Amino acid sequence: MTLPSVLLAAALASLIGALPPGNFRNRFLALSSVLAVYWLQPSSPIRTLELWLPAATLALTAAVWAVTCKGQHPLSRDDSQPDLAAGRSRRSLAGGLLAALLLAGLVILKTPDLAVIASRALRTLANQPAALAETFDIRWLGFSYLAFRLLHILRDAASGRLPAVSLRDFVVYALFPPALAAGPIDRLGRFAGDLNEPHAHPVKRVEALSRLVSGLVKKFVLADSLALISLSPANAAQVDGPWLWLLVYAYAFRIFFDFAGYTDIAIGLGMLLGIRLPENFNRPYLKPNLTAFWNAWHITLAEWFRSYFFNPLTRLLRRRNSPAWLAILAGQVSTMVLIGLWHGVSWNYLLWGAWHRVGLFVHNRWSSVVRVRYDGWQPAGWVKPAFHAAGVLATFHFVLLGWVWFALPEPVQSGLVLGNLLGARP
Amino acid sequence: MNVPAFSPRKVILKALVLFAGMNLLFAAAGESMAIGRLSTYNRLVPGRPRLPYGERPASYNLSLSDLDAMFAAHEISAGGKPAGEFRVAVIGDSSVWGFLLDPQDTLAGQINGLGLGSQDGRQVRAYNLGYPTLSLAKDLLILERALEFEPDLIVWMTTLEAFPKSAQLDAPLVRQNPAAMRELIERFGLDLDPRDSSFASDGFWERTIAGRRRALADVFRLQLYGLMWAATGIDQYLPADPGQRAEDLEPDRGFHGVSEPLQEDDLAFDILAAGIELAGDVPVLIVNQPIFISGGANSDVRYNYYYPIWAYDQYRVLLAEQAEARGWAYLDLWDAVSGGEFTNTALHLSPAGTGEVAALVAGAVGPLAQAGAAGLTAPARIAPASDGMPAEQGQTSAAGNGALPAQPSIFQQALAAPSPVKSGDLDNSSRLPPEQWREWPVVPALSPELVARFRDGITNGLDPRAFSVIGDCQSVPLVFMGVFDQRPEFWPEADYSDLQAALSQFQGSFGRRGAGVANGMGVAAALSSWWADPAQCSPGESPVECELRLHRPAIVFINLGTNFGDVKLHGENLRRLVEAILAHGAVPLLSTKADNAEGDWSINLATARAAYDLDLPLWNFWRLASQLPGGGLLVTGDHGGNYLTREAWNVRSVSGLEVLAALWAQLEPYAAEVASADGGE
């Protein structure tokens, strides 16, 4: 995403948003979404992949719609009509296959070794040297987010919770340009409501422009500036002592401003189009505990995992008579690990997820103890704010140190850096 | 409660008006805004030892065109000039900036490492103001800024590639500072077009915030990089494989589209003159920096990637003539550094090579610093320079500018001193014991055995017209006798009437840099194949073996001892060295040194012992140098007084010639005898 492209997108969004709401505008939006998939697709060293990846995006989108939302009641549970039941069964199978395909795509793209193998295969097909295959050859624009959107639809469809949506509206939802590359991950039902009852009016345009400007400043001024002094594999080996803390602090704020900036830009563009995308950040570094932090950081991703992984898993385990604490522990551990691996299948992301899992567990235990011990305690006026401040500082620094795992691909280097930060220098 | 409605149109309009207003104010303020002078360097983070330059984020550095910001980030801007500092500004190109060098290994860094001091007790401190790109116009811009920091001396390192008039405006720094450059063009009447289209536009729009957004962003980024610079000390990305300067060259005689022969008007001497005029009372030492001299393909056409031979040779002549005519202080180091010390280009030097240049430049800087700019009422400029051998301080220049009145130099006084300083007995039979080496004559004699050895040597193919030197950096031709292969007007003032025979006989050996001379050479090194120059020596050859093979000298100066490891081993290795030369058939000529690096003069004693035991000639240079102020040595700190002064260099060169002449006077009859026996060849 570059500044000129954002400004161009804002101009286009304003124009489209100015159209009278209705079928014409929604068709225009759908067409723009399809074109955006091609326009925003990054270049690839593999010949014609820039054409095929967007095509695959469209194909997957259409296929998921066909399986889930086509028809008035795509997943009626009325088994009294054999044709409907048979159709449901076929669609269920197809849905399962599509879900497997999406998950397989995620695993392949996120796992470096598998990505190289896939690149080799594609290069061979394109008559290019397979030996030159590299991890990032297959740059599929927004696949992670697209996959999660489509998976949520497949899951909701299987649960019978999905509203009927036209292909046009479905395409706009799945490929909504402002959120295509970096989220937030919206829900179809909510999105379709905004699409057909747009809220755009002059006041919202000002708010949209404010969010846009805020996002631009966060991304292109703050994040890009902090990138110059942020922790990286190169400078981690060059710095120690207090300067290392500076690098880690810079990284923590850089990653926040970068991601939050993207979100603000997406939300601002969405507002210009009359769509209010969900918030993804709510002052996460000012939260007094880790649970609150995860309710305020990448909110849509956390909610997705909570809805489509943690809750179903814990319910499953409870149905199998697992103890409640075990069900919750297993759910939390696997959720945090998966959140880590969602960023990339590598040890550092896994360790980052585990770091937060440990932190959540500690917080969970601490909360239990405190709740029992201090039940009914009415502290003096300054105590609560002091505790709150201490909690904010502790949480922030726990998250800060966790970013070391995230920033450095080699766990050994991360360990050394953490040791260095805490005073254990080689 | 009713929230008052607001009009988004008004909000946007106000914002636009505010933005436009700020831009107008900024543009109107122009140069006085000087945003670049607001800097975290030298306040929150240390100043950089060289001007910001970098093309990769990994260097924690960047290239920008805001001269205010560049100098504000430099350590030279750290507060006022200390009272005890003799400030030297070193300007030049990427070789001065220090491509592939750490800051302490740059020219300025190594000059500082020498710990020079001025006569008025100030510490010489060199500041690296080099900047990549080759352009005298770029140098002039930087020089102008440098003067704001009150330098006591400017060392202007340059090379031919910076001179072509057609290329002066190619440097991005020049193009991006059109106002400053135009002012200089107008002020000095430079032969450059102030309306040249290559200048960056500096209209009204370009002076607004929006127009200067890139420049302002660069200044901001430079401050952020300051944190990384302070944290890591890294200011340059050093690639794993920077590549090697081209050895094989194209058979291309072209040089910037200039026709042969090179004319004065082809080169930007006016810019050089403008710089010196701009410097005013501040002395400027112009140094023609060393270049790589290739021995590969087409090295008969070109010296290196940059220079065809014809253009470079003519440039040197033109520059020397300009310096002489205009009274510039000028030092020509074009071939002062061996090829092995050049790195990725024909101009970039290794730390060792830069150290050699630093020592040579220090030789010129030192006396100026010792004279002291403070207290002088006239420009303290070195008098018109010779080709690598500046004449003595104190001589007036033809251009004159209130220069100091001529006085007999220390060098002349030393040479004019009566014997026994200048000459001694030509008979070793009455040689005093080694412990009394101080009283040995300056000029030795040869024993009959050595004379016979010489005769056998030339009979067996040694060249009676060749002598070699085995020595360290103070024996390179530039400072030891090399001037005698130049025109006589460049020779130090002395009486050469009795020396003509030697001058004629050994012509070609004086200016030759042999394989036996290297920076840091010691006796052990001279015997070690590790120190041999791979460009000219065979595998396994030591420097002395290589030199003996290549040059087949009949006489070999051994000027070693300043660099030594263990004194006892020095004595043993010296004897091995002598034996190797004797085995070759040549006459080894030992010498005493002026310095006392070992603290107890034991090196000179060991040398005297070897001469005594092996009945070898000993040139007692120490005895001559001891008559000079400070024993002929620079007032140094870190090097403990090991470097000779410029006067001492000249004394040593003339004395070396006298020794050579004395020996040749003894040997000539035998050489003639051998020649007539060979049929008069």
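This is a predicted model: local features need pLDDT of at least 70, side-chain atom pairs count only at pLDDT 80 or more; totals for chains, interfaces and linings use all residues.
**View 1. Arg302(B), a buried arginine without a salt bridge.** Arg302(B) sits in a loop of chain B, between strand S4 (284-288) and helix H11 (309-326). The nearest side chain of opposite charge belongs to Asp252(B), 4.0 Å away. Arg302(B) is buried, yet no salt bridge is formed. A polar atom of the Arg302(B) side chain lies 3.1 Å from the backbone oxygen of Asn304(B). Neighbours within four places in sequence set aside, Arg302(B) is in contact with Leu249(B), Glu250(B), Asp252(B), Arg253(B) and Gly254(B), and also with Tyr307(B), Pro308(B) and Ile309(B).

**View 2. A nonpolar surface patch on chain A.** Leu8(A), Leu12(A), Leu15(A), Trp39(A) and Leu40(A) make the patch, which covers about 490 Å². Helices H1 (3-18) and H2 (23-40) of chain A each supply at least two of the patch residues. H1(A) gives the most, with three residues. Trp39(A) belongs to helix H2 of chain A. The relative accessible area of Trp39(A) is 47%, so this residue counts as partly exposed.

**View 3. Val287(B), a buried residue in strand S4 of chain B.** Val287(B) has 0% relative accessibility and therefore counts as buried. Leu331(B) is 44 residues from Val287(B) in sequence, but the two C-alpha atoms are 4.7 Å apart in space.

How values were computed:
Residues are numbered from 1 along each chain as its sequence is written. Chains are lettered from A and ligands numbered from 1 in the order in which they are written. Side-chain values use heavy atoms; hydrogens and water are left out. Helices (H or I, at least four residues) and strands (E, at least two) are DSSP runs, numbered from the N terminus. Buried means under 20% relative accessible area, exposed over 50%, partly exposed in between (1.4 Å probe, protein chains only). Lys and Arg count as positive and Asp and Glu as negative; His and the chain ends are not counted. A polar contact is a pair of N or O atoms within 3.5 Å; within protein, one must be able to donate a hydrogen and the other to accept it, and residues adjacent in sequence count only if both atoms are side-chain atoms. Contact means heavy atoms within 4.5 Å. Patches are made of residues with over 30% relative accessible area and no salt bridge: like charges are joined within 9 Å, nonpolar side chains (Val, Leu, Ile, Met, Phe, Trp, Tyr) within 5 Å. Accessible areas come from the Shrake-Rupley method with a 1.4 Å probe; for residues, only the protein chains shown count as cover.
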